[in-house]
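I set out to record what I looked up in this structure. The entries follow in the order in which I made them.

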Amino acid sequence: MKKIFLLAVLAGGLAFGQTKKVVASDVHWWGYKVAKSEASSHDGTVKVKSGDMIMKGNQLVGGTFVLDMNSITSTDLSGEYQGKLNGHLKNGDFFEVEKYPTATFKITSVKKNNDKIYNSLVTGNLTVKGKTNPVSFPAKISYSKGVVSLVSNKFTIDRQKFDVAYKSTMQDVFVKDDIDMLVKVTAK
């Protein structure tokens with residue numbers, strides 16, 4: 001009877017996948033002023049608070065990442081200007097981190113991509129400020145010795161779909177809707 005139970009547990013693990021916990025991450029963002037260029041942009045980071053990736057064999061099949069929106073920071077500025085922009089990003093003008101301290105991304109599918117470097121297309125649901133929208137991005141996914149690594153190509157999300165809108169008299173005239181992101185996550 002014990003052998004049957006052990007076999008059922010092992011088969012269940014293979015059927016449903018093996019969960020790997022995120023141990024390292026780097027999420028980088030770029031926001032743009034009127035003209036989408038490096039000269040008219042700000043960039044920075046946001047930390048992954050927690051997350052997991054689900055493997056079935058050596059293939060990524062799912063996962064969830066929780067972003068700590070209180071950690072959002074600009075890296076292109078320093079001193080007083082960095083403090084002002086960070087405060088601006090965290091208040092009601094953009095991410096409202098007191099009300100929405102986290103954002104989440106839940107992987108819904110991983111498909112083969114015809115790119116030599118970014119061999120997979122990751123699709124999932126991104127939830128920011130209580131609004132959920134589908135997001136897809138090309139990624140390089142590798143799995144070796146129990147460690148899975150996901151590195152995205154730079155991809156774009158539309159901040160308006162998440163109600164991340166600049167609340168000023170000029171509203172969104174000065175800020176483009178595009179936010180570019182680059183994600184690197186390692187789990188084991």
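Is Glu96 buried, partly exposed or exposed? I note at the outset that the model is predicted. Glu96 has a relative accessibility of 23% and therefore counts as partly exposed, since the cut-off for buried is under 20%.

Backbone entry. I located Glu96 in the loop between helix H2 (79-90) and strand E4 (102-112). Its phi is near 45°, a positive value in a residue other than glycine. I recall that most residues other than glycine have a negative phi. I then found that Lys145, also not a glycine, has a positive phi of about 55°. Lys145 lies in the loop between strand E6 (131-144) and strand E7 (147-152), and its relative accessible area of 83% makes it exposed.

Core entry. I looked up the largest nonpolar core, which holds 38 residues; Phe95 and Leu150 touch the most other members. Strand E9 (residues 175-187) supplies the largest share of this core, 6 residues. Beyond its neighbours within four places in sequence, Phe95 contacts several residues, among them Met69, Ile72, Leu89, Tyr100, Val128, Val164 and Ile179.

Helix entry. I found that H2 has 12 residues and spans 17 Å from its first C-alpha to its last, close to the 16 Å expected. Which residues of H2 are buried? They are Leu85, Asn86 and Leu89. These residues are on the same side of H2, because they cover an arc of only 100° around the axis. Their cover includes strand E1 (18-33), strand E2 (41-56) and strand E3 (59-74). On the face turned away from the buried side, I noted the exposed residues Glu80 and Lys84.

Notes. Residues are numbered from 1 along each chain as its sequence is written. This is a predicted model: local features need pLDDT of at least 70, side-chain atom pairs count only at pLDDT 80 or more; totals for chains, interfaces and linings use all residues. Side-chain values use heavy atoms; hydrogens and water are left out. A nonpolar core is a set of buried Ala, Val, Leu, Ile, Met, Phe, Trp, Tyr and Cys residues joined through side-chain atoms within 4.5 Å. Buried means under 20% relative accessible area, exposed over 50%, partly exposed in between (1.4 Å probe, protein chains only). Helices (H or I, at least four residues) and strands (E, at least two) are DSSP runs, numbered from the N terminus. Contact means heavy atoms within 4.5 Å. The expected span of a helix is 1.5 Å times one less than its number of residues. The arc is that of the directions from the helix axis to the C-beta atoms.
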